Amino acid sequence: MKTFGAFILLAYFLFSCSTDSKKRFEYAGGSLKMAVEIEPSTHVARDVTDYYTATVLGQVVEGLISIDPKTLKIVPQIAKGWEISNDGLMYTFTIRDNVLFHPHELLVSEKDRKLTLEDIVKSVEKSCSPGQDGDAPHAFSFLFKDNLKGANEFYSGTSKTIEGLKTSGKNKITFELLQKDDNFLFKMANICGAISPAKLIAANREADLIGTGPFIFKGYISGDIKKALLVKNEDYYLTDDEGNALPYLDTLTFIFQGRKLDQLEMFENHETDLITGLPPSRITMMLEGRIKDFNSSPPLFVMYNNPLLSTHYYFFNMNDPRFQNVKVRQAFNCAIDKEKLGREVLRNQYYELGYFGIVPPISSSFRGYDFNGVREASYDFDPEKAKKLLAEAGYPNGKGFGSVNLRYNIGDIHSAVADEFAQQIFQVLNINVNIDGSTFEQKDLDASKGKGDIFRSAWAGDYPNPETFLSNFYGKWVPEDVNELSRVNQSRYKNSLFDQLFEQAKNSSKLSEAMAYYAKAERILMQDPPLIPLWYSGDIQIVYSDVRNLHFNSLNQFQFREVYKKPLTEEEYQKQIKEISR
C-alpha cells in the first residue's frame, strides 16, 4: 500500500502533458470529490462483496460488459458485442482490440498492456480457484459455481481446464452454461467479473489494482482522513458520442468518512461535490436552513430523491440452537415496533418500513411481483403475539433464553438502530441484547464465520431482479464444513422448499413465471424467517449544480467517466424548468 502526497499530482500532470493529444471535450478537466463510509476491503475484484469497495474499484477495473447508470440496461464494455445461442446456454463475446491495461512495472511495452483473450481466461480460472486462505472467491460463488460448465471441476482440481470456457480466433470467447440463466449478463456486469492482466495474476500482484477503467488508482493519501486518489487514464479506449476522449475529469478522489454528520459538514464546506443519504437528524435543517441554495436561480444545490433497491435487515445465526426454533425467530419479528424506529431513529428517511421481505417493495422495478402475498406472510408489531410465541418455544417471559449478541458496524444510523432494537427486545421479550459494534470489515468477517447471534446487514441489489436479494438465503451457498466461511448466505439458512422454488424461478423461461416462483419462495422465507426486515432505502442525494452528467439510479451505482463540471447558467436553468413543466 502506497502513500502519496501533493507531489503525485505534479508527477501526474507532467506525465499527462507528454502523452499524445486526443480530441478533447470543451469542459474536460477538473476534479470531483465524494465521501464514502468505508475504504476498500480488498483490491482484488473477484473478492469484492460490499458496495463501498465496488464503488471505488468500479472506476478502475472493468468486465466484459457493464450496466448503464442512466437506463440500468446491459451495455458493451471490454466486449464490443455478444451473441446468445437459441437455447440460452452459449454466450459468445467479441472483444475489442484497442483495450490497454493501466501502466505497471510488469507491463513494460504497449504489447504487454494490450488486453487479450488470455487475460480473460486467466481471470476466470483464478475466479474458479480457491483463494490463498482456502476460501472460494466471491466471483466463483456468485458467477460460476453450478453455472459455468466445468467450473466446479476446475475448482475442485479434478480438471485442468474449464470445459465451458472456449476461445476462437483473435477476439472471441464463449461461456457455456449448465442451465439457462436469464440474469447471466447482469451477473457478468458485476465488479467481481472484472478482468485482470494475466501477468499480474501469475505474479500474485493483483492487489496493485491494475485495470482497464477510465481512472488509474494512484494510491492513498494519508492525513486526518484517508483518501484514495484516482487520475485520468489517458489511454482509455472509449470516447463520447462526439468522439471526445473519456474520462472528462482529471482526478477523482474518494474520502473515507464513516460519520454522516461529518460527511454533511464536508459537503456544506464544499470539500466534496455530492452527498448521498443525508443524516436523519439533519434533514430538516439542511433542506429548510439552506432553502435559498436550492431555490436560487440558478440554484447552488440540486436534490434528487428516489427509492433504492436496498434493504436493511438483521439476520439470525442459524447455527445457534435457540434460533433454529422458528417460533423464536417469529417472536423477535413481532417484537419490533418499526413505526417507532422509522419515526424516532430514522426520522422518516426511508422508502418503506420493513413490512415485506428482503426484496424491496418497488413495483416499478419488479413488475408482476406478488408483494401483497409477501406482505401477508410478514410481521406487524404485536407484543402479545411475540410473548406467546416465545413461551410456546419454551422461554416464557424470556426465562432460560440467555442474552443475545448483536453484531453491527459502527455508524450514526447503525448504532442508533442497534440501541433501539435492544430496548424493544428487552421491553417485549425480557431478553438482554448486548450490542457489539466494530468496523464493517470485522463485522462482515465475523458474520461469515458465524461469530455472533444476530447481525446487522444491508443488501443493495446487483441488478433489478428478485434473485439478487433472495440468493442471500439460498441453502446451497452454505458450505458443508461449519468452520468454512459462508460469504453469501451468512445466516447459513437452509429450507428445501425455499431452495426448490428459488431454482424453479431461476430456470423459468418466462419472466412472469419466474416472478411468481420468486414471490412464493419469499413467502416461505418470511413464514420461516431467518431475518428481520427493518426498512428499505429511499435516498436523498444532493449535488452541487456545476456537476454534470452524474446519474443517480435505484442500484446506487456510480459511473464517473462522462461526468464533468460546468457552472449552471440562468439560461440553462430556465430551459430545464421549461422542459420539466412540459
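Residue N233 touches H102, T212, G213, P214, F215, I216, L246 and P247, leaving aside residues up to four places away in sequence; a contact here means heavy atoms within 4.5 Å. N233 is found in the loop between β9 (227-232) and β10 (251-256). Helices (H or I, at least four residues) and strands (E, at least two) are DSSP runs, numbered from the N terminus. Because its relative accessibility is 2%, N233 counts as buried. Buried means under 20% relative accessible area, exposed means over 50%, and partly exposed lies in between, with a 1.4 Å probe and protein chains only. The C-alpha atoms of N233 and L249, 16 residues apart along the chain, are separated by 9.8 Å.

The model is predicted: local features need pLDDT of at least 70, side-chain atom pairs count only at pLDDT 80 or more, and totals for chains, interfaces and linings use all residues. Residues are numbered from 1 along each chain as its sequence is written, and side-chain values use heavy atoms, with hydrogens and water left out. The pLDDT is the predictor's confidence in each residue, from 0 to 100. Its mean over the protein chain is 93, and 96% of the residues reach 70 or more. Over residues 1-19, however, pLDDT stays under 50, and the model has 22 contacts beyond four places in sequence for this stretch. Where pLDDT is low, the predicted coordinates should not be read in detail.

The next topic is a sheet. Four strands form an open sheet in the order β4-β5-β7-β6, with antiparallel pairing. Two strands pair if DSSP finds at least two bridges between them. The edge strands, β4 (79-84) and β6 (165-168), each pair on one side only. Strands of a sheet pair through backbone hydrogen bonds, either parallel or antiparallel. Between β4 and β5 there are 5 bridges, and A79 stands opposite I95 in β5. These two strands form a hairpin with 5 residues between them, and G88 in the turn has a positive phi of about 75°. Strand β5 (residues 90-95) is also joined by 5 bridges to strand β7 (residues 172-176), again antiparallel. There, M90 has E176 in β7 as its bridge partner.

The interior may be considered next. A nonpolar core is a set of buried Ala, Val, Leu, Ile, Met, Phe, Trp, Tyr and Cys residues joined through side-chain atoms within 4.5 Å. The largest such core has 127 residues, and those with the most contacts inside it are F175 and F332. Among the residues that F175 touches are M90, Y91, F93, V124 and L165. A second, separate core of 29 residues includes L32, A45, L57 and A194.

E125 lies in helix α4 (residues 117-127). At 16% relative accessibility, E125 counts as buried, and E125 touches F154 and I162, not counting residues up to four places away in sequence. In helix α15 (residues 383-392), A386, L389 and L390 are buried. Seen down the axis of α15, its buried residues fall within an arc of 100°, so they line one face of the helix; the arc is that of the directions from the helix axis to the C-beta atoms. An α-helix has 3.6 residues a turn, so residues three or four places apart point the same way. The face of α15 turned away from its buried side carries the exposed residues E384 and K388. The buried residues of α15 are covered by elements including α12 (326-334) and α16 (412-429). After α15 comes G394, whose phi is positive, near 105°.
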